[in-house]
Amino acid sequence: MTDKVRTRSNSPAKTGDVQSQPSSRRRFLSHGMAVAGSTLAAGVAASAATAMAAPLVIPESNKSTGKPMPATEYGLPSKFEKHVVRRRTDVFVNRQNWSDWSMTPLQHQPGIITPNGLIFERHHAGTPDIDPATHRLVVHGLVKQPLSFSMDDLARYPSVSRFYFHECSGNGLTDWLKPASNTVQQTHGLLSGVLWTGVLVSTLLEEAGIDPKAKWALFEGADGSAHIRSIPIEKLLDDAMIVYAMNGEALRPENGYPVRAVMPGWEGNTSVKWLRRIKLGEEPWHFRSETARYTDPMPEGKWRQFSMVMECKSVITSPSGGQAMKGPGFYEVTGLAWSGAGKVRHVDVSFDGGKNWREAKLEEPIMDKCLTRFKIGWNWEGGPAVLMSRAVDSTGYVQPSVQDLQKTRAIVGFVQHHNAIQPWIVSAKGEVSNGIGKA
Ligand SMILES: Nc1nc2c(c(=O)[nH]1)N[C@H]1C(S)=C(S)[C@@H](COP(=O)(O)O)O[C@H]1N2
Ligand SMILES: [Mo]
């Protein structure tokens with residue numbers, strides 16, 4: 001199935017007039033007028049003009065009452081939106097789905113927030129079924145007073161709600177040197193935007209009292225993988241959270257119900273789900289996810305550990321792989337940018353494979369360690385094109401190309417932390433495909 005590229009509703013595709021306007025600014029203006037419904041510049045949009053000339057048909061939905069409201073209901077998306085779903089990876093075909101992942105359909109996400117049913121999932125041993133009435137979170141080790149919190153206890157602590165991006169460090173790992181995935185859901189969908197609500201870890205540690213010798217803490221989950229990570233104390237005293245809610249409701253079971261950790265801007269693996277205990281110690285523990293996994297090969301044959309900050313990255317979500325352009329004309333090119341080191345400061349977009357770049361508009365709000373939406377107008381003349389986006393964050397870090405990354409990292413096989421520029425190839429016919437390693 002091919003997805004259609006998202007264009008404005010009255011998109012003036014395939015019109016000589018739009019293209020004959022002398023500047024892209026003029027094209028924007030004439031298009032804006034058509035959308036606003038004022039004077040339609042002659043021939044701007046053949047389809048829109050036809051619609052306005054015909055008498056307006058009264059739709060069936062105007063002629064009767066609709067479906068009555070049920071007494072109680074958990075609302076679901078329209079039946080016409082059934083294609084907007086999470087998908088497991090197409091590249092690794094797995095017979096089991098315990099250690100597996102599903103991906104967010106970024107090509108269908110407007111704005112910067114991912115609805116709860118579309119947030120990507122990654123678990124190492126399936127989703128446990130945990131009763132909040134009996135679940136406990138224990139804080140122990142190098143603390144003055146070990147504490148055990150019920151979920152009701154946690155709900156009584158001062159809470160915070162914060163928007164952050166959420167990304168697995170394996171995002172993009174199948175597509176380093178040549179394309180293996182077709183869509184942005186498959187290349188970049190281990191990424192979501194979430195409003196997390198819970199308690200700062202620092203609040204709980206203050207209650208337990210930190211032994212001055214404590215420099216690290218382990219976070220362990222109550223799932224079948226007993227997933228566990230070492231986190232430095234600086235992060236815990238900075239912005240680390242214990243969360244029980246996401247996007248205005250309790251965590252979903254697959255995302256850590258009833259309680260999980262969130263390490264803002266850090267690889268998703270450190271945000272331990274189904275959190276059972278936090279133990280303070282003097283040193284990191286060097287767990288499996290810090291040695292055998294979630295490390296990065298370096299050129300001299302060494303492996304880098306604890307590369308937890310997700311570096312600045314961006315991707316164009318429309319047009320993107322698997323979509324089809326609807327003919328020459330105006331398109332709003334849009335995508336997402338984010339950085340685990342701070343805010344997104346700037347995004348440039350290229351339409352010719354990186355020879356020339358134009359500055360995209362960043363949409364407010366632009367928040368720390370959060371997805372930022374960028375947009376830029378493009379008049380597609382109908383020929384082949386290669387679209388790329390390149391983000392810069394508030395530290396001045398510039399999103400690299402794969403070639404740039406290869407200077408400092410060994411890109412061998414399915415390695416983690418792929419934040420390189422993603423090219424999308426637009427063919428003369430308007431088909432959009434993954435250009436990684438080709439452009
Ligand atoms: N207990 C536990 N926590 C876990 C995992 C897990 O398998 N078990 N997976 C980790 C990984 S690799 C990622 S990317 C994130 C995914 O969180 P999500 O499923 O809510 O998107 O959870 C992390 N926390
Ligand atoms: Mo992950």
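Modeller: Here, residues 24 or more positions apart make up 71% of the protein chain's contacts with a separation of 6 or more. Keep in mind that this is a predicted model.

Biologist: How many helices and strands does the protein chain have?

Modeller: Nine helices and 26 strands.

Biologist: What percentage of the residues count as buried?

Modeller: 52% of the 439 residues in the protein chain.

Biologist: And the accessible surface, what does that come to?

Modeller: About 20,600 Å² for the protein chain. Carbon and sulfur atoms own 55% of that.

Biologist: Switching to the ligand. Which residues come nearest to ligand 1?

Modeller: Phe120, His124, Asp223, Arg260 and Lys273. They belong to a set of 21 residues around ligand 1.

Biologist: Which strand gives the largest share of that shell?

Modeller: Strand β4, residues 121-123, with three residues.

Biologist: Now polar contacts. What does His124 do?

Modeller: One of its polar side-chain atoms lies 2.6 Å from an oxygen atom of ligand 1.

Biologist: Backbone or side chain for Phe120?

Modeller: Backbone: a polar atom there is 2.6 Å from a ligand 1 oxygen. Arg122 also uses a backbone N or O atom, at 3.0 Å from an oxygen of ligand 1.

Biologist: How much of ligand 1's accessible area does the protein cover?

Modeller: 100% of the 530 Å² that ligand 1 has on its own.

Biologist: So which cavity is that space?

Modeller: The largest cavity is the space taken by ligand 1.

Notes: Residues are numbered from 1 along each chain as its sequence is written. Chains are lettered from A and ligands numbered from 1 in the order in which they are written. This is a predicted model: local features need pLDDT of at least 70, side-chain atom pairs count only at pLDDT 80 or more; totals for chains, interfaces and linings use all residues. Side-chain values use heavy atoms; hydrogens and water are left out. Helices (H or I, at least four residues) and strands (E, at least two) are DSSP runs, numbered from the N terminus. Buried means under 20% relative accessible area, exposed over 50%, partly exposed in between (1.4 Å probe, protein chains only). Contact means heavy atoms within 4.5 Å. Accessible areas come from the Shrake-Rupley method with a 1.4 Å probe; for residues, only the protein chains shown count as cover. A residue is near a molecule or strand if one of its heavy atoms lies within 4 Å of it. A polar contact is a pair of N or O atoms within 3.5 Å; within protein, one must be able to donate a hydrogen and the other to accept it, and residues adjacent in sequence count only if both atoms are side-chain atoms. On a 1 Å grid over the protein atoms alone, a cavity is a set of points where a 1.4 Å probe fits but cannot get out, and a pocket is an open set with protein on both sides within 12 Å along at least five of seven lines; lining residues have an atom within 4 Å of a point. A molecule sits in a cavity or pocket if more than half of its atoms lie within 2 Å of its grid points.
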